[in-house]
Amino acid sequence: MTRMVDCSYLNRRAEGLTRAPLPGELGQRIFDNISREAWQKWLAHQTMLINEKRLSPIDPEHRRYLEQQAEAFLFGGEVDQADGYVPPE
């Protein structure tokens, strides 16, 4: 049976993740409140940040930055964009 959550990103009920995507409190908060669809949107944004800002997911400082951005993206807050990024209309 599919696990459903009240997704705080999409503001509707949707299919949840199968496990916490990150360790710790943030991972549990994401697991409890974020849908699989919203998580996929974050992963696409994260990929853009990693590529455009030349981040390394194994660098502890870059990892902290990405966790802060994930929280802002998924739960509301100031989210960084790639330099020169223009959102689609």
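**A guided look at helices, loops and one histidine**

Guide: Arg64 is partly exposed, with a relative accessible area of 49%. Please keep in mind as we go that this is a predicted model.

Visitor: Happy to start there! In which helix does Arg64 lie?

Guide: Arg64 has a relative accessible area of 49%, and because that falls between the 20% and 50% cut-offs, Arg64 is partly exposed. The helix that holds Arg64 covers residues 60–75, and its name is α3.

Visitor: How far apart in space are Arg64 and Asn11, C-alpha to C-alpha?

Guide: Asn11 sits in the loop between β1 (4–7) and β2 (12–15), while Arg64 belongs to helix α3. In sequence, 53 residues separate the two. In space, C-alpha to C-alpha, the separation is 26 Å.

Visitor: Is Asn11 buried or exposed?

Guide: Let's take the backbone before the surface. Most residues other than glycine have a negative phi. Asn11 has a positive value, near 60°. Its relative accessibility is 68%, and because the cut-off for this class is over 50%, Asn11 counts as exposed.

Visitor: What is the phi of Arg54, which is not a glycine?

Guide: Arg54 is found in the loop between α2 and α3. With a relative accessible area of 70%, which is over the 50% cut-off, Arg54 is exposed. Its phi is positive, at about 55°.

Visitor: Let's turn to helix α2. Is Ala38 buried or exposed?

Guide: Ala38 has its place in helix α2. Leaving out residues up to four places away in sequence, Ala38 touches Cys7, Tyr9, Leu10, Phe73 and Leu74. Its relative accessibility is 0%, and because that is under the 20% cut-off, Ala38 counts as buried.

Visitor: How far apart in space are Ala38 and Tyr9, C-alpha to C-alpha?

Guide: Tyr9 is one of the residues that Ala38 touches. Along the sequence the two are 29 residues apart. From C-alpha to C-alpha, the distance in space is 6.4 Å.

Visitor: And His45: the backbone oxygen of which residue does its side chain reach?

Guide: His45 is in helix α2, residues 36–52, and counts as buried at 9% relative accessibility. Beyond its neighbours within four places in sequence, His45 is in contact with residues including Phe73 and Val79. At 3.0 Å, the side chain of His45 reaches the backbone oxygen of Asp80.

Visitor: Stepping back, what is the radius of gyration of the protein?

Guide: The protein has three helices and two strands, which run β-β-α-α-α from the N terminus on. For 89 residues the globule rule gives 12 Å, and the protein comes close to that, so it is as compact as a globular protein of that length. Its radius of gyration is 13 Å.

Visitor: Last one: how far apart do the centres of the positive and negative side chains lie?

Guide: The protein exposes about 6,100 Å², and carbon and sulfur atoms supply 47% of it. Its charged side chains number 11 positive and 14 negative. The centres of the two sets are separated by 6 Å.

Notes
Residues are numbered from 1 along each chain as its sequence is written. This is a predicted model: local features need pLDDT of at least 70, side-chain atom pairs count only at pLDDT 80 or more; totals for chains, interfaces and linings use all residues. Side-chain values use heavy atoms; hydrogens and water are left out. Helices (H or I, at least four residues) and strands (E, at least two) are DSSP runs, numbered from the N terminus. Buried means under 20% relative accessible area, exposed over 50%, partly exposed in between (1.4 Å probe, protein chains only). A polar contact is a pair of N or O atoms within 3.5 Å; within protein, one must be able to donate a hydrogen and the other to accept it, and residues adjacent in sequence count only if both atoms are side-chain atoms. Contact means heavy atoms within 4.5 Å. The radius of gyration is taken over C-alpha atoms; the globule rule is 2.2 Å times the number of residues to the power 0.38. Accessible areas come from the Shrake-Rupley method with a 1.4 Å probe; for residues, only the protein chains shown count as cover. Lys and Arg count as positive and Asp and Glu as negative; His and the chain ends are not counted. The place of a charge is taken as NZ of Lys, CZ of Arg, CG of Asp or CD of Glu.
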